[in-house]
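Please read the points below beside the sequence and the coordinates, with attention to side-chain placement and backbone angles.

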Amino acid sequence: MKRKRGETRPRAFVLMPFDEEFDKTFHDLITPALEQAGYEVQRADSIDDQQNILKDVVRGIAEADLVVADLTSANPNVFYELGISHAMRKPTVLLTQSIEDVPFDLKSYRMIRYSLRFDKARQMSEKLTDVAHKAITGNIGFGNPVMDFLRPPAKANHEGLPGPQEPLVRPEDKKEIDTEQEKGMLDYVVDGVKAL
């Protein structure tokens, strides 16, 4: 998955179940939408290397400029891989056919809902192309629980992966967290009254 010399196209890596029912979604809807926006598109099962597939997934995420995660069917492998993407602070687009497949922790994030009905399927492709194009041009923001709730952003190491140079929770934040954990119910009532 290393970039070839002179390669300039950004990369999109797709997280979705390796299941025949998702192949048409990948090949007919997601890939053309991302290619139209200018991306080279891959998912782990399209890599020919004969090695541990998780290695391909982690490298695919690390080397991607954009990650697309299809949460349809609430596949545990996809959620695990999405967690890796979030930890690496990768711009990630969430897709789903049903909001019921999305866990509570992610429901507050925007996602592209889609249908496989003939008259509706192309709407997802159009929306994905728009979001992917905006990602290339820097005209869209991305968030996830790691980026939104922990500071500061991790510095990248020599391979472009988040490095351990910066703690995810600063000492002054930890003190605030520890203080919050020591509070009892009456402490919160007093804080509420003081705020009035």
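**Notes on a predicted model**

1. The charged end of arginine 43 sits over the ring of phenylalanine 26, at 4.4 Å from the centre of that ring. This is a predicted model, and the arrangement of arginine 43 and phenylalanine 26 should be read as a computed one. As for pairs between aromatic rings, the count comes to zero.

2. Helix H2, which spans residues 53-63, has Asp56, Val57, Gly60, Ile61 and Ala62 as buried residues. An α-helix has 3.6 residues a turn, so residues three or four places apart point the same way. The partners against which the buried residues of H2 pack are strand E1 (11-15), E3 and H3.

3. At the start of H2, asparagine 52 brings a side-chain oxygen to within 2.7 Å of the backbone nitrogen of leucine 54.

4. Alanine 74, although it is not a glycine, has a positive phi of about 50°, and its place is in the loop that lies between strand E3 (66-70) and helix H3 (76-87). With a relative accessible area of 36%, alanine 74 is partly exposed.

5. Arginine 89 is a residue other than glycine whose phi is positive, with a value near 60°, and it is found in the loop between H3 and strand E4 (92-96). Is arginine 89 buried or exposed? Arginine 89 has a relative accessible area of 16%, and it counts as buried because that term applies under 20%.

Notes
Residues are numbered from 1 along each chain as its sequence is written. This is a predicted model: local features need pLDDT of at least 70, side-chain atom pairs count only at pLDDT 80 or more; totals for chains, interfaces and linings use all residues. Side-chain values use heavy atoms; hydrogens and water are left out. Helices (H or I, at least four residues) and strands (E, at least two) are DSSP runs, numbered from the N terminus. Buried means under 20% relative accessible area, exposed over 50%, partly exposed in between (1.4 Å probe, protein chains only). Contact means heavy atoms within 4.5 Å. A polar contact is a pair of N or O atoms within 3.5 Å; within protein, one must be able to donate a hydrogen and the other to accept it, and residues adjacent in sequence count only if both atoms are side-chain atoms. Rings of Phe, Tyr and Trp (its six-membered ring) pair if their centres lie within 6.5 Å; planes under 30 degrees apart count as stacked, over 60 as edge-to-face and the rest as tilted. A charge sits over a ring if NZ of Lys or CZ of Arg is within 6 Å of the ring centre and within 35 degrees of the ring normal.
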